[in-house]
Amino acid sequence: MIQRIQTLWLLAAAVILLGLFVFPFVSFIDLVGLGKQIYVTGIYSSNNNESVRESTSIALAIYAGIVTIIPLLIVFQYKNRKRQVLFIMVEIVLVVLLGIWMWSTAHTTLDVISQRLQTGNIGVGFFLLPVAIIFLGMAIGGIRKDEKLIKSADRLR
């Protein structure tokens with residue numbers, strides 16, 4: 001059952017969420033004129049084309065790591081499809097909470113320098129979350145399709 005389509009959707013969601021560690025979710029220019037980027041791991045500034053970490057966000061990084069690993073664990077729940085759907089629903093809620101935490105972090109960081117979160121500041125990291133939610137939804141669709149197929153096969157017996 002691991003070779004089902006929902007496995008691909010769950011793996012795709014995990015890879016997309018792993019991108020949170022690679023891409024910033026906010027980029028801005030501070031009062032001094034330095035370019036800064038906010039990742040889930042912390043705030044980085046560009047200094048002579050070199051990234052320098054200014055502060056770390058360990059709790060956010062750990063939470064993002066857990067949210068990234070959960071789809072991989074859901075793949076191995078293939079024997080109980082109802083539990084698998086439940087875990088995917090919980091994962092969607094956790095991704096939404098991660099998005100709220102990321103927005104709150106960005107808002108707090110930008111308020112310190114009297115800036116607002118604008119469309120020009122938003123990085124790729126924010127856009128990864130809805131894509132991951134779409135993949136998780138597609139995994140639920142694949143699981144329900146499997147459930148329907150198994151029920152129809154049981155009727156034939």
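I start with helix 1, where the face turned away from the buried side carries two exposed residues, Leu8 and Val15. Exposed means over 50% relative accessible area, buried means under 20%, and partly exposed is in between, with a 1.4 Å probe and protein chains only. Helices (H or I, at least four residues) and strands (E, at least two) are DSSP runs, numbered from the N terminus.

Some notes on the source. This is a predicted model, in which local features need pLDDT of at least 70 and side-chain atom pairs count only at pLDDT 80 or more, while totals for chains, interfaces and linings use all residues. Residues are numbered from 1 along each chain as its sequence is written, and side-chain values use heavy atoms, with hydrogens and water left out.

Back to helix 1. Its buried residues are Gln6, Thr7, Leu10, Ala13, Ala14 and Leu17. Viewed down the helix axis, these fall within an arc of 125 degrees, so they line one face of helix 1. The arc is that of the directions from the helix axis to the C-beta atoms. As for length, the 14 residues of helix 1 (residues 5-18) should span 20 Å at 1.5 Å a residue, and the end C-alpha atoms are 20 Å apart, which agrees. The expected span is 1.5 Å times one less than the number of residues.

Two strands pair if DSSP finds at least two bridges between them.

Going through the pairs: strand 1 and strand 2 (residues 35-39) are joined by 4 bridges, and Ile29 has Gly35 in strand 2 as its bridge partner. Strand 2 and strand 3 also pair over 4 bridges, with Gln37 partnered by Tyr44 in strand 3. These two strands form a hairpin with 2 residues between them. Strand 3 (residues 42-46) and strand 4 (residues 51-56) are joined by 5 bridges, and Ile43 stands opposite Ser55 in strand 4.

Which residue in the turn between strand 3 and strand 4 has a positive phi? That is Asn48, at about 55 degrees, in a hairpin with 4 residues between the strands. Asn48 is exposed, with a relative accessible area of 72%. Strand 3, in contrast, has 4 of its 5 residues buried, so it is largely enclosed by the rest of the structure.

Just after helix 3, Ser114 takes a positive phi of about 55 degrees.

Leaving out residues up to four places away in sequence, Leu98 touches Leu20, Leu60, Tyr63, Ala64, Val67 and Leu129, where contact means heavy atoms within 4.5 Å.
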